[in-house]
Amino acid sequence: MTEEDLHQLIRGCAKQDRKCQKMLYKAFYGFAMGICLRYAGNRDEAAEVMNQGFFKVFTHIDRYDHDRPFKAWLGRIMMNASIDHYRANLKMAYTDDLDKAEHISDGELADKKLSYDELLAMVQLLPQAYRTVFNLFAIEGYGHDEIGEMLGISAGTSKSNLHKARQKLKQMILKADQPYTDRGDGKMTYSSVVAINSTDMNGVFFNRGIRI
């Protein structure tokens, strides 16, 4: 899609043209879903948040500054929709205490190999409070003071949740290459851990060089 094509779609959406809205939705579905999946606990939840985000896009598209990249503007809306969803569903989610958990060093992860989908699945398994702080800090690049203001928590709570998120991710990574897991029905499911080394995660999953 050329810039001119994009701007034509945006102008159509500003006029509430349903065809243009559908085309814009389809063009940026993958990008928007990728953001929402990082914050959501599963794909259904991500789809719900993404649709809320697109509703805001179409409602406020007349505010879009054409001098800015559209993807950046849309991405910010999807991030804010995810935060709104977090706030709406937060019920004192800071209950998973890892203070007594064994600290896991980065060196213990050096030979672990994970695919992008496996990493994403692990992030989705984090408690919502930890997942949200982790995404805002490690991926979006916000500081703890900013995160605290966005989520209505203290900077200290943000730091604590980030630490606990990292420890839980490290625990999951260390367990990921176990040859099998018990499904609970007496049958064993073998894991397939492939694709990327943890030392290369920065370029594949975390775009700010934040190691877990």
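## Model and confidence

Residues are numbered from 1 along each chain as its sequence is written, and side-chain values use heavy atoms, with hydrogens and water left out. Because the model is predicted, local features need pLDDT of at least 70 and side-chain atom pairs count only at pLDDT 80 or more, while totals for chains, interfaces and linings use all residues.

The mean pLDDT of the chain (the predictor's confidence in each residue, from 0 to 100) is 77. A value of 70 or more is reached by 70% of the residues.

## Nonpolar core

The largest nonpolar core has 53 residues. Such a core is a set of buried Ala, Val, Leu, Ile, Met, Phe, Trp, Tyr and Cys residues joined through side-chain atoms within 4.5 Å. Buried means under 20% relative accessible area, exposed means over 50%, and partly exposed lies in between, with a 1.4 Å probe and protein chains only. The residues with the most contacts inside this core are Leu24, Phe54, Val57, Phe70, Met78 and Leu136. At least two core residues come from each of α1 (3-14), α2 (18-39), α3 (43-60), α4 (70-89), α5 (116-125), α6 (128-139), α7 (144-151) and α8 (155-176). Helices here are DSSP runs of H or I with at least four residues, numbered from the N terminus.

Leu24 illustrates the packing. Leaving aside residues up to four places away in sequence, Leu24 touches Leu6, Leu9, Cys13, Phe54, Val57, Phe58, Ile61 and Phe70.

Helix α1 has 12 residues and reaches 16 Å from its first C-alpha to its last. This is close to the expected 16 Å, where the expected span is 1.5 Å times one less than the number of residues. Leu6, His7, Leu9, Ile10, Gly12 and Cys13 are the buried residues of α1, and what covers them includes α2, α3 and α4.

In α7, the buried residues are His144, Ile147, Gly148, Met150 and Leu151. They lie on the same side of α7 because they cover an arc of only 165° around the axis, taken from the directions from the helix axis to the C-beta atoms. Asp145 and Glu149, on the other side of α7, are exposed. Gly152 follows α7 and has a positive phi, near 75°.

## Salt bridges

Four salt bridges are found in a search of the whole structure. A salt bridge is a side-chain nitrogen of Lys or Arg within 4 Å of a carboxyl oxygen of Asp or Glu. Arg11 pairs with Glu4, the closest N and O atoms being 3.0 Å apart. Both are partly exposed, Arg11 at 40% relative accessible area and Glu4 at 43%.

The side chains of Glu140 and Arg38 form a salt bridge at 3.1 Å, N to O. Glu140 is in the loop between α6 and α7 and Arg38 is in helix α2, so this pair ties together parts that are 102 residues apart in sequence. Glu140 is partly exposed at 28% relative accessibility, whereas Arg38 is buried at 13%.

Arg87 and Asp84 also form a salt bridge, with 3.7 Å between the closest N and O atoms. Both lie in helix α4, three residues apart, about one turn of the helix. Arg87 is partly exposed at 42%, and so is Asp84 at 32%. A network of salt bridges links Lys56, Asp84 and Arg87.

Gln16 lies in the loop between α1 and α2, just after α1. Its phi is near 65°, a positive value in a residue other than glycine. Gln16 is partly exposed, with a relative accessible area of 47%.

Gln21 lies in helix α2 and is buried, with a relative accessible area of 9%. Not counting residues up to four places away in sequence, Gln21 touches Cys13, Gln16 and Phe58. Gln21 and Phe58 are 37 residues apart in sequence and 7.3 Å apart in space, C-alpha to C-alpha.

How values were computed. Contact means heavy atoms within 4.5 Å.
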